[in-house]
Amino acid sequence: MKEISELDFPEDLYYTEEHEWARVTDGNVTIGISDYAQDQLGDVVFVEMPASGDQFKKGDAFGTVESVKAVSELYMPIDGEVIRVNQTLEDAPELLNQSPYADGWILEIKPGDASQLETILNRDAYLKMLKES
Amino acid sequence: MSKPLAPTGLNMNEPLLWEMDKPGRTAFSMPRHDVPSAPLHDDLAGDGPDFPDLNEMGVIRHYTRLSQWNFGVDTGMYPLGSCTMKYNPKINEKVSRLKGFAALHPMLPALMTQGALRLMAELERFLAEITAMDAVSLQPAAGAQGELAGMLLIHAYLKSLGVKRSKIIIPDTAHGTNPASAALCGYRPVRVTSGEKGILTPHAVSEVMDEDTAGIMITNPNTLGLFEENIKEIARIVHGKGGQVYCDGANMNAVMGMVHMGNSGVDVLHLNLHKTFSAPHGGGGPGAGPVCVANHLAPFLPVPRIVVKDGVYHLSEAFPQSVGRLHSFLGNFGVMIKAYAYILSMGAEGLKKASQLAVLNANYLKEKLKTVLHLPYDRPCMHECVFSDKFQRDQKITTLDMAKRLMDFGFHPPTIYFPLVVDGAIMIEPTETESLEEIDRFVEAFRIVTREASESPDLLRGSPKRCRVARLDETLAARRPCLMG
Amino acid sequence: MRYLPHTREDIAVMLQAVGLESMDALFSAIPDDCGRRDIPDLPEPLTEWELDEHMAALSGNGAVTGHHDNPHMVFLGAGRYEHFIPETISYLLGRSEFTTAYTPYQPEMSQGTLQAIYEYQTLTARLLGLDAANASLYDGASALAEALLMATRITRKKKVALSGLVHPHYRQVVQTYLRPSGIEIVDLPYLSNGTTDTSALGAMEDLAGVAVQSPNFWGCIEGLAEIGDMCEKSGTLFITVFTEPLAYALFKNPGDQGAHIACGEGQSLGIPRWFGGPGLGMFACRSQYMRNMPGRLVGQTEDKQGRRGFVLTLATREQHIRREKATSNICTNSSLCALMAAMYMASLGGTGIRELARLNYDKAAYLKGALQRAGFRIPFESPCFNEFVVEFPPGFKATYDRLLRRNIVAGLPLDPWYPELKHHYLLCVTETRTRSHMDAFVEEVTS
């Protein structure tokens, strides 16, 4: 596992305490897991994702990500309806390790209330949380 | 010790069965076709399976060579913690295959199976004696099914009192089977943390025990190899709120005939005949997981039960409060035979001696290794002790690296990364059947491994070197599952 | 005691090393009120030779075929089948590297078990016509219970349908496993031809799964393909159960008839009856449900040098990782029995297993025909494999008891489970019965 200083946390994202990230693009929100999360998990072997159209509330578990010897639940950063899932992860779950913020995105949602993003962490707050834990 | 064994040239390559297929060969002596062929509808007939054809010596060599890639208790010391890999007596194997047992049909009229029923009835009594519980069912097929039986018993008992509860207390040191078994009964596990001494405190239990909690699942001795000294007080707290105490007896080998489970407040306990009572593990079963109960739970035991009437043994389902049936027939009788033979060979004093020596071996090993391995709970242990890789972390050497390197010295590694409460856990259970010399050899091998960890860490990361294969790619196996050829 | 290596001197050396005076001091952690002073009341220990004699005596009265002192003729099947087992299998089980190993957690030291179980999974999946089989479950009954639980997890529905011609013990076990979770079980009745009446299924849209046994408890072959079609249309998982997998060497396999899951008992594949256990829970499914399967799975992979090897895989489904959210609580399963079954299937081969299945079919047909000609009624006309139901005349119980005294077991009376079927008996014939055995039996029941 890497030191926190060796990991990457883009400025323009929102983060959750459970290590998901959220990015706003054209009014929709893309969701994935942070570099820290993928590093902690190790080689990701499987991602269980919801279907398009599924509705979730902020904090709901929407799927799981599995490494060889661990399973983590994925939690919704904000309310929303799933409009797209990253199908390529079914055959290439390693994208979560290789490119957590780009090719390894998990979901795109239509937010129920985008202002909820302001209630979760920005990069600095997330880094602070990681360093303190 | 540090000198490697010379390669022997006996490690044969062996293909998969179907890579040796030659249609027309057979390894089976086909009985005579002494009746006419009966008509068969075409639309019912299938193609039959795509199995390879081999001859008899082909089958023998295939499995003989595969067996040579395996390590068993008969090969060497196998100190897997919480698995009790003791010697499996050979006479027990022989008697379990006696024709009058092995070829016996389970639905024969009882008068035709009196010997087998008597064996089961006596084994029930022996196990009740050894644990000091009141009644026993031999039906559960393995430890986890014994746990399920225990949960079902508690569920049924509470229901008979008109009580429905939704939670069960499970300590952080528990086997994963405990929460999984409880969940099958609809109970939500409530985690309770072990205290500083590695055992549960009455205070921690009283904090979570309430009137919506069905009881507690407690492993005693626990998976840190420590006796839950507060069991009686914990049982009092749980009983005080109307709950029941389930004891996971996976670690019974430490205390055969030495603990009065009933007086300790235990209501139901499961045993593993394939651990404590010497039946071999078979590379993953079959086992047997009998449940022993206090009197108030006896009416709920699984059916059928063995009853005696006028000196004749019968099977009876006439227990209206029973949790029902758990097994297709009576449980794993073939495994029961071995446990029965073991108990008859050992006697009460012999079993107690076995537990004493199991505990002595573990404590000796703990003393000898604690200078080179971190011992999180430095206290007298029961039948196993738990170390960690904390001393090796500076070299970035992990428990896994040390476990793999031990293989090169001819030892099966201990249980690793369990219990979860110890980071990088190394859980060692030598059992009573290992001699002082063998334990000394193991200790020396482990000391060499820890020395190598600081002097030549890459040697450990590249181990094992002397097995059939090097470290296997588990990520590839899980990402692109290939479960059949 | 020969299993304990410690000499008096060893014990002294070891006690000194741990700094204790006596063995009792090792147990100081056990509080007085939990310990016991009495010695358990067990028999005096036996020598190896006494034990051998005692066990021979206990096993001696068992009613088994071919027992030299006490030979019996047993026409019982009903979930445990008498088949010839090649000596090679018991001989190979003497390889204690298999027998005395634990679950293969350390693959580098367990390639023997792992490759053998991978081969077992493959042969099982091929026999059942499905994509993936697990490393085994305890027995047929718990395999069915696990399959039904799996169906409820996948579909998130809480109702299942179970054929009334599934082995009655299996139905009891299903009750035990499913009742605490509040899953509703609908029983499907039977038709006069001896197969399951599935007419009610069309009206049940909230079903997680439908379980049908074939050959069923009465030995009859079910019309699986039709039920498979119905399930496919309604989004219900089709679970086929079996107690006699040898039948699939002759009849169409479950996968070809639309089964999503096939599960059951593998005892008949080279495993002794052992008074009912251990058996072998066989379990296979379509690949899309692989990650929902209970039990261990062995997968192929490579080592660092690119050599083929095998590991336990997809472990995140299991209790030691997922704990209360696991697909099952199973840990120890029936690995050695799976090994026996693999050895048996390999010994028969594709050619042999077809021939053996045909032999079982023909022998059962022979006895059925002979009994019919002798004037007994065969109530269910559906094709059967190696067992079938006969209706004997009222008062047959006396004949049955007389035959028992002559060491002949004339099948299993069915009225304990089907009270409407008075004087109906389930008879089983395998390759172990010769024509002369069967002729003699017909003569006995008619005399």
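Select Cys34(C) to begin: this residue is buried, with a relative accessible area of 0%. Here buried means under 20% relative accessible area, exposed means over 50%, and partly exposed is in between (1.4 Å probe, protein chains only). The model you are touring is predicted, so local features need pLDDT of at least 70 and side-chain atom pairs count only at pLDDT 80 or more, while totals for chains, interfaces and linings use all residues. Residues are numbered from 1 along each chain as its sequence is written, chains are lettered from A and ligands numbered from 1 in the order in which they are written, and side-chain values use heavy atoms, with hydrogens and water left out.

**Cysteines**

Stay on Cys34(C) and look for a partner. The closest cysteine sulfur belongs to Cys247(B) and is 10 Å away, too far for a bond. A disulfide is a pair of cysteine sulfur atoms within 2.5 Å. Next, select Cys381(B), which is in no disulfide; its nearest cysteine sulfur, that of Cys385(B), is 5.0 Å away. Cys381(B) counts as buried too, at 3% relative accessibility.

**Chain C as a whole**

How many helices and strands are in chain C? There are 12 helices and 14 strands. These are DSSP runs numbered from the N terminus: helices are H or I with at least four residues, and strands are E with at least two.

Of the 447 residues of chain C, 68% count as buried.

Switch to a surface view. Chain C exposes about 14700 Å², and carbon and sulfur atoms supply 50% of it. Such areas come from the Shrake-Rupley method with a 1.4 Å probe; for residues, only the protein chains shown count as cover. Colour the charges next: chain C has 40 positive and 50 negative side chains, and the centres of the two sets lie 6 Å apart. Lys and Arg count as positive and Asp and Glu as negative, with His and the chain ends not counted. Each charge is placed at NZ of Lys, CZ of Arg, CG of Asp or CD of Glu.

**A loop stop in chain C**

Select Ser214(C), in the loop between strand 5 (209-213) and helix 8 (224-234) of chain C. Is Ser214(C) buried or exposed? Ser214(C) counts as buried, at 4% relative accessibility. Leaving out residues up to four places away in sequence, Ser214(C) touches several residues, including Cys220(C), Val241(C), Phe242(C) and Tyr248(C).

**On to chain B**

The chain averages 96, and 98% of the residues score at least 70. Residues 1-7 of chain B have pLDDT that stays under 50, and the model has 9 contacts for them beyond four places in sequence.

Find Pro31(B) in the segment before helix 1 (56-67) of chain B. What does Pro31(B) touch, not counting residues up to four places away in sequence? The list is Phe84(C), Leu356(C), Leu359(C) and Glu431(C). Pro31(B) counts as buried, at 16% relative accessibility.

Select Ala339(B) in helix 9 (residues 333-369) of chain B. Ala339(B) is buried, with a relative accessible area of 0%. Apart from neighbours within four places in sequence, Ala339(B) is in contact with Leu123(B), Leu273(B) and Phe277(B).

**Backbone details**

Two peptide bonds in chain B deserve a zoom. Asn220(B) and Pro221(B) are joined by a cis peptide bond, with omega about -5 degrees. Pro221(B) lies in the loop between strand 4 (213-219) and helix 8 (231-240). Phe418(B) and Pro419(B) are also joined by a cis peptide bond, with omega about 0 degrees.

Finish in chain A. His19(A), in the loop between strand 1 (14-15) and strand 2 (20-25), has a positive phi of about 80 degrees although it is not a glycine. Asp26(A), in the loop between strand 2 and strand 3 (28-33), has a positive phi near 50 degrees. His19(A) counts as buried at 19% relative accessibility, whereas Asp26(A) counts as exposed at 76%.

Technical notes. pLDDT is the predictor's confidence in each residue, from 0 to 100. Contact means heavy atoms within 4.5 Å.
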